[in-house]
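Here's a quick tour in questions and answers. Have a look at the model first, then follow along.

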Amino acid sequence: MILQPWSSCAIRSLAASRVQTARILSTRSTGDDLFQRGKEAFREKKEILRDRGEQIRDSELYKRGKTAFTEGKENLKERGGQIRDKIDEAGIRQFGDKVVTVPNGLCVIRIALTPVIGALVVNGSYTPACVLFTLAGVTDSLDGYIARNVPGQKSSLGSILDPVADKLLVSCLFVTLTYAHLIPLALTSIVIFRDVALISGGFYKRYKTMARPITLRRFFDPSVSSIEVTPTLMSKVNTALQLSLVALSLASPVFDFVDHPGMTALCMATGLTTVYSGLQYIGGHAMKKI
């Protein structure tokens with residue numbers, strides 16, 4: 001039998017292709033093995049790191065570090081309290097000498113005259129009540145003048161005490177004059193409700209803006225987180241109308257002009273400005289932290 005020359009070449013080509021295929025399959029198998037071994041090595045590494053983390057967490061160094069952190073936190077809290085106390089002491093040194101001032105003393109006098117004037121109105125002694133009311137008005141003018149023009153007499157306490165004294169006097173006169181049927185009950189109710197709302201709002205404002213911790217002593221200490229009360233223009237107009245109304249109502253029995261039409265107009269104007277100025281205070285336009 002005679003072999004063809006090309007048959008040997010074909011055989012060699014077929015053998016070479018089979019060898020190449022085997023090499024490719026071997027290479028793929030090797031890549032899969034490498035991937036699996038790398039994956040297993042990564043898992044082993046992860047387990048080792050987890051074990052080491054647990055060892056470090058349980059070690060004495062970790063415990064000491066945790067203890068030091070806790071102690072440092074407590075020290076910072078204690079130092080914060082000491083700094084806060086020093087700030088309060090500095091505030092007391094700065095404002096403490098301004099608590100006892102001439103304007104504040106005049107405000108105290110006006111507060112002391114308030115129940116006396118009210119008792120005189122209830123008893124029908126309008127003339128002496130008018131005299132004492134005039135004296136209270138003089139103290140109101142004096143304390144404002146001294147606070148504005150005399151150095152060292154203006155104080156944060158005075159900015160609160162002055163309107164409080166005015167409100168006590170005016171509220172007392174509104175109630176007693178209503179009892180004497182010289183001021184309408186509806187107007188007195190509006191005025192009293194507005195004053196109570198302002199006092200409650202002032203306490204709430206102080207509570208929200210006051211530096212912590214809040215204690216009863218610090219809450220009523222004017223040197224801690226002081227709030228200055230600045231009356232608005234409408235509030236000043238309303239104060240003037242209220243004072244005019246109580247003064248004229250107090251004087252009306254003495255000078256015989258009770259139930260005059262002008263008094264009715266004055267009552268209406270007082271009621272409108274009372275409501276408007278009260279809304280301004282509620283909006284926070286008259287109180288600011290200093």
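Q: In which helix is Tyr 281 found, and does Tyr 281 count as buried or exposed?
A: In this predicted model, Tyr 281 sits in helix α9. Its relative accessibility is 13%, and buried means under 20%, so Tyr 281 counts as buried.

Q: How far apart in space are Tyr 281 and Ala 197, C-alpha to C-alpha?
A: Along the sequence, 84 residues separate Tyr 281 from Ala 197. In space, going from C-alpha to C-alpha, the gap between Tyr 281 and Ala 197 is 9.4 Å.

Q: Is Tyr 276 buried, partly exposed or exposed?
A: Tyr 276 also has its place in helix α9. Its relative accessible area is 46%. Buried needs a value under 20% and exposed one over 50%, so Tyr 276 ends up partly exposed.

Q: What distance separates the C-alpha atoms of Tyr 276 and Asn 238?
A: Asn 238 is one of the buried residues of α8, while Tyr 276 is in α9. The two are 38 residues apart along the chain, and their C-alpha atoms are separated by 8.9 Å.

Q: How many helices and strands does the protein have, and in what pattern?
A: Let's step back to the whole chain. The count is nine helices and two strands. Read along the sequence, they follow the pattern α-α-α-α-α-α-α-β-α-α-β.

Q: What share of the contacts with a separation of 6 or more comes from residues 24 or more positions apart?
A: The protein has 290 residues, and 29% of them count as buried. Taking contacts with a separation of 6 or more, the share from residues 24 or more positions apart is 74%.

Q: Which residues touch the most other members of the largest nonpolar core?
A: This core has 26 residues. The elements that give two or more residues to it are α3, α4, α5, α6, α8 and α9. Those touching the most other members are Leu 173, Phe 174, Leu 177, Leu 245 and Leu 250.

Q: How far apart are the end C-alpha atoms of α6, and what span should its residues give?
A: Helix α6 has 25 residues, and among its buried ones are Leu 187, Val 191, Asp 195 and Leu 198. At 1.5 Å a residue, α6 should span 36 Å. That agrees with the distance between its end C-alpha atoms, which is 36 Å.

Q: How far apart are the end C-alpha atoms of α8?
A: Helix α8 has 23 residues, so at 1.5 Å a residue it should span 33 Å. The model agrees with that, as the end C-alpha atoms of α8 are 32 Å apart.

Q: Which residue takes a positive phi of about 60 degrees just after α8?
A: Most residues other than glycine have a negative phi. The residue here is not a glycine, and it is found in the loop between α8 and α9. With a relative accessible area of 68% it is exposed, and its name is Asp 256.

Q: Where is His 181, which has a positive phi although it is not a glycine?
A: The phi of His 181 is about 60 degrees. Its relative accessible area is 70%, so His 181 is exposed. Its place is in the loop between α5 and α6.

Q: What distance separates the C-alpha atoms of Ala 180 and Gly 124?
A: Ala 180 lies in the loop between α5 and α6 and is partly exposed, with a relative accessible area of 21%. Ala 180 and Gly 124 are 56 residues apart along the chain, yet their C-alpha atoms are separated by 7.9 Å.

Q: Which element gives the largest share of the lining of the second largest pocket?
A: About 170 Å³ of space lies in this pocket, and 13 residues line it, with Leu 182, Ile 183, Pro 184, Asp 259 and Met 263 nearest its centre. The elements giving two or more residues to the lining are α8 and α9. The largest share, three residues, comes from α9.

Definitions and conventions:
Residues are numbered from 1 along each chain as its sequence is written. This is a predicted model: local features need pLDDT of at least 70, side-chain atom pairs count only at pLDDT 80 or more; totals for chains, interfaces and linings use all residues. Side-chain values use heavy atoms; hydrogens and water are left out. A nonpolar core is a set of buried Ala, Val, Leu, Ile, Met, Phe, Trp, Tyr and Cys residues joined through side-chain atoms within 4.5 Å. Buried means under 20% relative accessible area, exposed over 50%, partly exposed in between (1.4 Å probe, protein chains only). Helices (H or I, at least four residues) and strands (E, at least two) are DSSP runs, numbered from the N terminus. The expected span of a helix is 1.5 Å times one less than its number of residues. On a 1 Å grid over the protein atoms alone, a cavity is a set of points where a 1.4 Å probe fits but cannot get out, and a pocket is an open set with protein on both sides within 12 Å along at least five of seven lines; lining residues have an atom within 4 Å of a point. Grid points are joined across faces, edges and corners, and a volume is the space filled by probe spheres set on the points. Contact means heavy atoms within 4.5 Å.
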